[in-house]
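Let's take a walk through this fold, one piece at a time. Keep the viewer open as you read.

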Amino acid sequence: MTEAVSRPTLEAVAARAGVSRATVSRVVNGGDGVREPVAERVRQAVAELGYVPNQAARSLVTRRHDAVAVVIAEPETRVFADPFFALQLRGISKELTAHDNQLVLLLTEGRDDHARVARYLAGGHVDGALVFSLHLDDPLPGLIRQVGVPTVFGGRPGWSDDGGADGPARATRTGRGPGPGVVYVDCDNRGGARAAVRHLVDLGRRRVAHLTGALDQTSAVDRLDGYRDVMGEVPGGNDPRLVVESDFTPSGGERAMRELLGRCPDVDAVFAANDLTALGALRVLRASGRRVPEDVAVIGFDDMLPVAEEADPPLTTVRQDIEEMGRLMARLLLRGLADGRDRTGAPATPPPAGGVILPTTLIRRTSA
């Protein structure tokens with residue numbers, strides 16, 4: 001066993017810099033009122049001694065933990081199997097790291113997990129939360145609001161706040177927006193879906209089907225609406241048999257594609273709600289002897305690399321910048337925390353309210 005090495009203390013830094021302990025504390029914790037030449041001596045002494053501030057003591061002074069909770073409302077089996085979450089987490093991690101903040105990952109699978117996450121957030125361990133992949137019956141928005149932690153959501157919220165200032169958020173599929181004070185980042189799901197389906201129609205396809213995502217999530221509902229926007233203009237395009245519900249997974253795509261071929265064997269194009277669903281559809285089409293794109297054209301959504309490029313054939317898809325979405329979520333939260341950061345100990349204010357919608361782009365490859 002190795003002996004523990006004593007850590008440099010605040011007093012040692014003060015002695016090296018020739019200043020008081022209080023002056024060192026102000027410089028280390030980012031406080032004001034220290035002349036720049038003195039602050040520079042303190043910073044030099046910190047570097048020479050290798051001093052690392054005690055985070056617990058620092059938090060008592062600043063009321064900040066330099067940590068952000070990332071809450072994903074999915075079980076771990078889904079999170080670690082879907083590259084979408086890896087891309088979004090990479091964007092979040094890059095932004096938090098650039099601002100010297102720690103990422104605390106919290107996953108939810110059931111009601112017990114919701115209560116656990118709420119208790120953790122209420123315990124004052126983090127400065128804010130980034131929450132995504134919410135479902136419409138999810139109690140997390142209401143729990144988070146009760147806790148009062150500054151939060152940015154990933155994806156357009158699908159609830160309305162009808163319960164008053166302290167009541168729970170109520171899920172709705174009526175299309176009403178979230179209540180005041182809700183900050184979120186999303187992509188143009190409906191516009192991207194319209195571009196994909198319009199492309200298929202422009203190719204001369206008329207039996208265009210849609211394999212949806214999980215319809216208890218607003219992204220799936222918005223993409224279905226975009227599909228209907230275009231197909232409503234196509235003769236016979238409102239055939240309800242052409243819409244099959246899936247769940248954003250390859251296995252769900254396989255099941256939905258088999259169901260679709262049983263319902264509509266004359267289908268000549270498929271718009272899948274995401275790339276993983278499209279991969280499942282491609283497998284079933286290949287097994288059934290359908291050629292892609294000659295017999296059935298296929299388009300996905302997300303443009304997750306290398307998934308889309310390595311599909312057989314390479315997948316035409318709608319690109320959203322998933323990593324940038326994560327970075328922007330973290331940036332908005334940190335900006336709100338910085339605006340409300342008070343070195344005297346006043347609590348941080350939530351980020352400014354409003355939604356940010358990122359554009360989407362149709363990426364053409366050989367599947368359509």
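A residue counts as buried here when its relative accessible area is under 20%. Bear in mind that this is a predicted model. By that cut-off, 5 of the 5 residues of strand 7 (residues 183–187) are buried, so this strand is largely enclosed by the rest of the structure. Both of its faces are covered: Val183, Val185 and Cys187 sit on one side, with Tyr184 and Asp186 on the other.

Who are the neighbours of strand 7? Strand 4 (residues 151–154) runs parallel to strand 7 and is joined to it by 2 bridges, with glycine 154 partnering valine 185. Strand 13 (residues 354–358) is also parallel to strand 7, this time through 5 bridges, and there valine 185 stands opposite valine 356.

Now hop over to an open sheet of 6 strands, ordered 9-8-10-11-12-14 with mixed pairing. Strand 9 (243–244) and strand 14 (361–363) are the edges; each has a single partner strand, so one side of each has no neighbour in the sheet. Further in, strand 10 (residues 269–272) and strand 11 (residues 297–302) pair in parallel over 3 bridges, and one of the bridge pairs is alanine 269 with alanine 297. Helix 12 (residues 275–287) packs on this sheet, touching strands 8, 10, 11 and 12, and its direction makes about 160 degrees with that of strand 11.

Last stop: helix 2 (residues 21–28) and helix 3 (residues 36–49), whose axes come within 10 Å and cross at roughly 85 degrees. That makes the two helices roughly perpendicular. Helix 2 brings Thr23, Val24, Val27 and Val28 to the contact, while helix 3 brings Val38, Ala39, Val42, Arg43 and Val46. Sorted by type, these contact residues are 7 nonpolar, 1 polar and 1 charged.

Terms used: Residues numbered from 1 in each chain as written. Predicted model: local features only at pLDDT ≥ 70, side-chain atom pairs only at ≥ 80, totals over all residues. Heavy atoms only, no water. Axes fitted to C-alpha atoms, helices over the stretch in contact; angles between N-to-C directions. Helix = DSSP H or I, 4+ residues; strand = E, 2+ residues; numbered from the N terminus. Parallel < 35°, antiparallel > 145°, perpendicular 65-115°, else oblique. Contact = heavy atoms within 4.5 Å. Nonpolar A, V, L, I, M, F, W, Y, C, P; charged D, E, K, R; others polar. Pairing = 2+ DSSP bridges. Buried < 20%, exposed > 50% of the residue type's maximum accessible area, 1.4 Å probe, protein only.
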